[in-house]
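Reader: Could you walk me through how these chains meet, and spell out the cut-offs as you go?

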Amino acid sequence: MAYSEKVIDHYNEPRNVGSLDKSDMNVGTGLVGAPECGDVMKLQIQVDPLTKEIVDAKFKTFGCGSAIASSSLATEWVKGKSIDEAMTIQNVEIVEELSLPPVKIHCSVLAEDAIKAAISDYKSRNKD
Amino acid sequence: MALEQSACQKCESVLVSRLFCFSCNALQTFPNEVDFFEVLGFPISFEIKSAELEERYQQLSLELHPDFYGSAPEAEKRLSESATAILNTAFNTLREPTSRADYLLHLLCKKQKLDERSLPDGFLGEMFFLQESLDELLESGNEAELSGMREDLNGRQKNIEADYFPLFKKFEDNPEDPEILQQLQTHLNAERYLRRLLDRIPAID
């Protein structure tokens with residue numbers, strides 16, 4: 001099955017690959033996996049403690065092109081959003097943006113799960 | 001688990017395979033949802049002798065082969081084609097332990113909802129760590145360490161596979177225990193992550 005142009009673009013030039021300091025209190029880390037295929041995805045967010053805005057995001061994904069593109073896009077989308085706004089990102093939006101075929105929908109679900117896991121990790125470490 | 005015996009649609013003999021009657025050589029019409037154990041004529045169980053499975057497959061493929069139905073009525077011709085297709089899928093699914101375990105688990109838990117993403121504690125973090133280490137090894141091209149990693153992963157995969165048989169056996173003895181099926185699901189999930197890692201290690205002779 002052919003990948004869409006947007007998937008190929010993100011695959012060839014993934015945005016925001018890398019890591020943030022896991023021990024930093026302002027960083028939230030989400031680690032998720034897809035047992036259907038064995039893909040693993042780590043997505044991290046850095047949050048401004050005052051405004052609660054996501055100022056940086058990084059990811060690293062071991063998986064297919066669609067999983068890499070989904071997580072790359074997810075980091076682009078969360079940056080500049082408040083954590084509450086980022087919580088509302090739905091996998092169907094990723095499916096539409098990347099024109100993912102039905103067999104690759106689980107990749108977008110993985111990216112949505114990774115965002116939510118990163119935010120909930122951030123929140124659990126910053127309970128006031 | 002007992003095999004549900006069905007009778008030949010033509011001569012009413014007891015069928016071995018749901019697809020074909022060895023007594024009167026008649027093709028059988030079969031429902032779409034026919035299970036792969038019925039197709040090959042084995043009881044629904046993880047325990048299958050591969051030599052027996054192979055032999056049954058050979059027998060059936062010979063009998064069902066579309067070449068022998070070239071001059072048969074159209075309906076029979078089509079039946080031989082669809083029977084051959086499902087025979088091949090069934091054989092490929094049941095011959096290999098992991099896909100057999102996966103298929104059998106799905107058959108057994110039709111009534112029960114499993115957590116399909118379950119993994120051992122800390123497993124995902126370890127897989128991520130191993131993927132990163134593998135990146136470094138692939139970059140440095142250290143063949144000794146790569147084959148060490150392959151051996152280690154192969155060993156873990158074998159250990160998982162070795163558990164399928166006792167777990168299914170335990171379930172046959174305790175069919176009311178939902179924990180056993182969940183454990184099997186966890187094993188199958190873990191094995192997929194290990195395979196994903198193994199797929200990335202190039203073969204070295």
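Reader: How much area do chain B and chain A bury between them?
Author: In this predicted model, chain B and chain A bury about 1,400 Å², with 61% of it on carbon and sulfur atoms; buried area is the accessible area (1.4 Å probe) that two parts lose on being put together, summed over both. On the chain B side, B:R117, B:F128 and B:R196 lose the most area to chain A, together 45% of what that side buries.

Reader: And how many salt bridges are there between chain B and chain A?
Author: The count is four salt bridges, each a side-chain nitrogen of Lys or Arg within 4 Å of a carboxyl oxygen of Asp or Glu. One of them joins A:K60 and B:E132, at 3.6 Å from N to O.

Reader: Switching to rings, what kind of aromatic pair do A:F62 and B:F128 form?
Author: Their pair is edge-to-face, 5.4 Å centre to centre with 70 degrees between the planes; rings of Phe, Tyr and Trp (its six-membered ring) pair if their centres lie within 6.5 Å, and planes under 30 degrees apart count as stacked, over 60 as edge-to-face and the rest as tilted.

Reader: Are those two buried or exposed?
Author: A:F62 is buried at 7% relative accessibility, and B:F128 is buried at 5%, where buried means under 20% relative accessible area, exposed over 50% and partly exposed in between (1.4 Å probe, protein chains only).

Key
Residues are numbered from 1 along each chain as its sequence is written. Chains are lettered from A and ligands numbered from 1 in the order in which they are written. This is a predicted model: local features need pLDDT of at least 70, side-chain atom pairs count only at pLDDT 80 or more; totals for chains, interfaces and linings use all residues. Side-chain values use heavy atoms; hydrogens and water are left out.
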